[in-house]
Each structure stands twice: as structure tokens, then as C-alpha cells.
Amino acid sequence: MTATVLGTLLVLLASTAVEPAPAPTRCDVLVYGGTPGGIAAAIAASRDGARVVLVEPTRHVGGLVTSGLSHTDFRTFEGLSGLYLDFARRVEAHYRQVYGAESEQVRACRRGTQAEPHVNERVFEQMLAEQPTLRVCKGLRLASLQLGGTPDTRRSITSVAFTTTDGPMREEFSSLVFVDATYEGDLMARAGVANRVGREGRDE
């Protein structure tokens with residue numbers, strides 16, 4: 001084998017070598033699922049000073065509230081509190097600013113509890129953007145996860161890897177706490193956590 005051929009082979013091998021996987025991105029709380037519950041969990045953790053990553057498989061946050069279900073369930077206006085009350089007040093303020101305080105749109109939104117999906121999404125995006133320690137990742141689907149501990153001890157998730165929905169990119173996160181805020185419990189199922197779909201039986 002000549003030196004020229006050997007050099008060419010070495011160059012080809014070097015160019016096809018597999019790059020080492022990057023270290024997982026570290027955070028304190030990882031929330032999987034940009035549903036209203038996931039958004040609330042992410043914002044609450046961020047307000048407490050945690051480094052938070054909110055991962056949403058689609059390109060939109062808000063779940064059903066930004067996908068057509070604009071009539072949310074509650075008993076009384078007086079019973080609204082916390083982040084949902086903050087959200088509703090912002091929605092009403094949007095309609096007041098755009099259409100006027102005495103407009104039909106303000107009356108129809110019922111104090112911000114019933115709104116158009118795009119308005120709900122806009123308000124959610126605004127609330128998320130206000131948190132400096134919160135990173136929102138859209139278009140990432142659950143690919144795999146790593147469990148720590150042994151079968152004889154309490155096992156817990158140590159890292160989760162995601163792939164982009166429109167390409168081969170992959171990103172991995174390690175966290176102290178993982179929150180499954182999906183509607184289907186995707187993260188729990190992948191981790192082997194016991195769960196139930198639907199309501200328990202009458203005997204139970």
C-alpha cells in the first residue's frame with residue numbers, strides 16, 4: 001500500500017468518525033408538555049428561582065386552551081386564584097386594550113375565562129417570556145431516557161433525550177426534577193411509572 005493511498009484512507013476514516021455526544025444540558029426542573037398545567041408548573045418553578053426547561057412536542061403551547069377548547073371549567077369567579085387568575089386577567093386586559101372597555105368582546109370573554117385560541121396562546125407566551133430562568137423548547141419529542149439507581153432501590157430519571165419533529169437533531173437534558181404534564185402521560189409511561197388511563201373502578 002502506497003503512502004498516498006494510506007493517507008487517503010486515514011483522511012476518509014477521520015471524516016467519518018462519530019462525534020462524541022454532547023453532555024446533557026443541566027437544569028433544576030424539566031417539564032414535558034406545554035399544556036396549561038405544564039405552563040403553570042414551569043412558571044411557578046421559575047418564580048421560585050429554579051432553572052427550568054419546558055419542552056413541548058408541537059409548535060404551540062397551551063394544549064386544549066389554545067387549540068379550540070375556550071370554555072374552561074370552574075364553579076365561581078370568586079374561586080379563581082393563582083396563575084389561572086393571572087392568566088384570565090391578562091386575557092381580559094387584552095380585549096379591553098384592543099376593543100375598548102365597553103366592547104362586546106370584553107363582555108363575551110367572561111372576565112378572561114373564555115377567549116379565542118390565538119389570544120390565549122399570546123397570553124401564555126407573554127407569561128413564559130417574563131421568566132428569565134425559563135427556557136421553552138418547541139418541536140421536541142421524547143426519544144429516550146436514563147434511569148438512575150438499581151432495581152433494589154428507588155429508581156429515578158436522570159436524563160431525557162429528545163429529537164426534533166422536523167429533523168435529526170437531538171438534545172438531552174439532565175434535571176433534579178422531571179414533571180410529566182402531557183395529556184397522555186408519555187414520560188411516565190417511558191419511565192415505567194404505574195399509571196391508569198380513565199377512572200378507577202367502583203370497587204377500588
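Q: To start, is F77 buried, exposed or partly exposed?
A: This is a predicted model, and in it F77 is partly exposed, with a relative accessible area of 22%.

Q: And what lies over the face of F77?
A: R111 is placed over the face of the F77 ring, at 4.2 Å from the ring centre.

Q: Stepping back, how many aromatic pairs does a search of the whole structure find?
A: The search finds six aromatic pairs. F74 is partly exposed, its relative accessible area being 25%.

Q: What about Y84 and F87, how are their rings arranged?
A: Y84 and F87 form a tilted aromatic pair, with 6.1 Å from centre to centre and 35° between the planes.

Q: Where do Y84 and F87 lie?
A: Both lie in helix α3, which covers residues 82-99, and they are three residues apart, about one turn of the helix.

Q: Which is it for each of Y84 and F87, buried or partly exposed?
A: Y84 counts as partly exposed at 26% relative accessibility, whereas F87, with a relative accessible area of 5%, is buried because buried means under 20%.

Q: Changing topic, which residues do ring pairs link into a cluster?
A: Ring pairs join Y32, F162 and F173 into a cluster.

Methods:
Residues numbered from 1 in each chain as written. Predicted model: local features only at pLDDT ≥ 70, side-chain atom pairs only at ≥ 80, totals over all residues. Heavy atoms only, no water. Phe/Tyr/Trp six-rings, centres within 6.5 Å; stacked < 30°, edge-to-face > 60°. Buried < 20%, exposed > 50% of the residue type's maximum accessible area, 1.4 Å probe, protein only. Helix = DSSP H or I, 4+ residues; strand = E, 2+ residues; numbered from the N terminus. Lys NZ or Arg CZ within 6 Å of the ring centre and 35° of its normal.
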